[in-house]
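Keep the view open as you read, and take the points in order.

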Amino acid sequence: VSTQSTWEYKRMKVGSKMEQYLILAKSSKGKSAEALISQVLSDSEIWIFGDLLDMESIKSLAGTPSEPHLKALQLFAYGTYMDYKANKKDFIELTPPQLKKLKKLSLIDQASKEKTLGYGKLMEQLDLPDVRELEDMVITCIYNNLLGCRLDNKQQQLIVEYAASRDFKLEDAPKVIEKLHKWYEHVEAVEKYLEKSLKGITSNIEMSARQKAKVQEASDSIHAEAVVDVEAAKKQRAQMHSAMQGMQFGGGFGMGPTMGHGFQSGRKIDLNESSTHSNMLCQ
């Protein structure tokens, strides 16, 4: 199963769970509403709480003995573990699983603000005793698609790639809109850069194709000329061979066909005759 399919399955499962909580919240009041909130805060698959906070039955807990539960739900939606430590009296006493969940939400909150998070600072903020417990928490957040990051053990820090979105208060809407606007501008800039790069790549490809065609044309021309030269050389060699054969059968070099070994034009010289003439001259 692909990662995308797994993520889609988890999202659908969480959505289905929240739907069930919302159905229960419609008829919940007082203690039953408190129990429902406690159940949601303990659920390891629920990380967004805005829909539940919008329910009239949950809003009605304000100003009642159940208000600490409402504030605890708001804490999980918007706040951090540090807020809880600073104002414990305003909230219900959280169970160990709820505390761990709030710490994870606080980690996500920090990751959405900074791209590099030191181990030491995180352990101090989240009251974690050692690096092992911090890394276990980070790995759990990664598994639940709440956080994308690299663990740099050498530098003792987290390199954040992305962090899941949390609920935001209505009064924070202008800030969210501003962030979205900046994100949109960034996307536009990236799109323009990619279009420009694509045009450059296309131009380079076309230029390369033209250069390749020119090189091929020159290569073909050189090949054709070489073929002509080879054929001419073959023809010359054949002519020379024919001429040499003619010379071999016809006599010495540069002589006519009637000039033989005696070098006398018109006939060959008899060697005995030449000897007799020589003796007579000597006498």
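Is E114 buried, exposed or partly exposed? At 28% relative accessibility, E114 counts as partly exposed. Please bear in mind throughout that this is a predicted model.

1. Let's begin with the partner of E114. The side chains of E114 and K121 meet in a salt bridge, with 3.4 Å from N to O. K121 is also partly exposed, because its relative accessibility is 43%.

2. A search of the whole structure turns up 10 salt bridges. One of them joins distant parts of the chain: D127 sits in the loop between helix 8 and helix 9, K85 belongs to helix 6, and 42 residues separate the two. Their side chains meet at 3.4 Å, N to O. D127 has a relative accessibility of 38% and so counts as partly exposed, and K85, at 37%, is partly exposed as well. While you are looking at D127, note its backbone too: just after helix 8, D127 takes a positive phi of about 55 degrees.

3. Now turn to helix 8 itself. Its buried residues are Y119, L122, M123, Q125 and L126. Seen down the axis of helix 8, they fall within an arc of 165 degrees, so they line one face of the helix. Their cover includes helix 6 (81-86), helix 7, strand 1 (116-118), helix 9, strand 2 and strand 3.

4. Why does Q125 count as buried? Its relative accessibility is 19%, and buried means under 20%. Leaving aside neighbours within four places in sequence, Q125 is in contact with Y81, M82, K85 and Q110.

5. Helix 9 covers residues 131-143, which makes 13 residues. From first C-alpha to last it reaches 18 Å, close to the 18 Å expected at 1.5 Å a residue. The buried residues of helix 9 are L134, E135, M137, V138 and C141. Because they cover an arc of only 160 degrees around the axis, they lie on the same side of helix 9. Among the elements that cover them are helix 7 (96-111), helix 8 (119-126), strand 2 (147-152) and strand 3 (157-163).

6. What does the other face of helix 9 carry? Turned away from the buried side are the exposed residues R132 and Y143. R132 counts as exposed because its relative accessibility is 59%. The R132 side chain meets that of D136 in a salt bridge of 3.5 Å, N to O. Both residues lie in helix 9, 4 residues apart, about one turn of the helix. D136 is partly exposed, with a relative accessible area of 37%.

7. The two ends of helix 9 are worth a visit. At the start, a side-chain oxygen of D130 reaches to within 3.3 Å of the backbone nitrogen of R132. Just after the helix, N145 takes a positive phi of about 60 degrees.

8. Finally, the largest nonpolar core has 48 residues, of which F49, L52, I58, L73, L107 and L158 touch the most other members. Helix 5 (residues 67-78) gives the most to this core, with 6 residues. Not counting residues up to four places away in sequence, L73 touches I37, L41, F49, L52, L53 and I58.

Technical notes: Residues numbered from 1 in each chain as written. Predicted model: local features only at pLDDT ≥ 70, side-chain atom pairs only at ≥ 80, totals over all residues. Heavy atoms only, no water. Expected span 1.5 Å × (residues − 1). Buried < 20%, exposed > 50% of the residue type's maximum accessible area, 1.4 Å probe, protein only. Arc of directions from axis to C-beta. Contact = heavy atoms within 4.5 Å. Polar contact = N/O pair within 3.5 Å; in protein donor to acceptor, adjacent residues only side chain to side chain. Core = buried A, V, L, I, M, F, W, Y, C linked by side-chain atoms within 4.5 Å. Salt bridge = Lys/Arg side-chain N within 4 Å of Asp/Glu carboxyl O.
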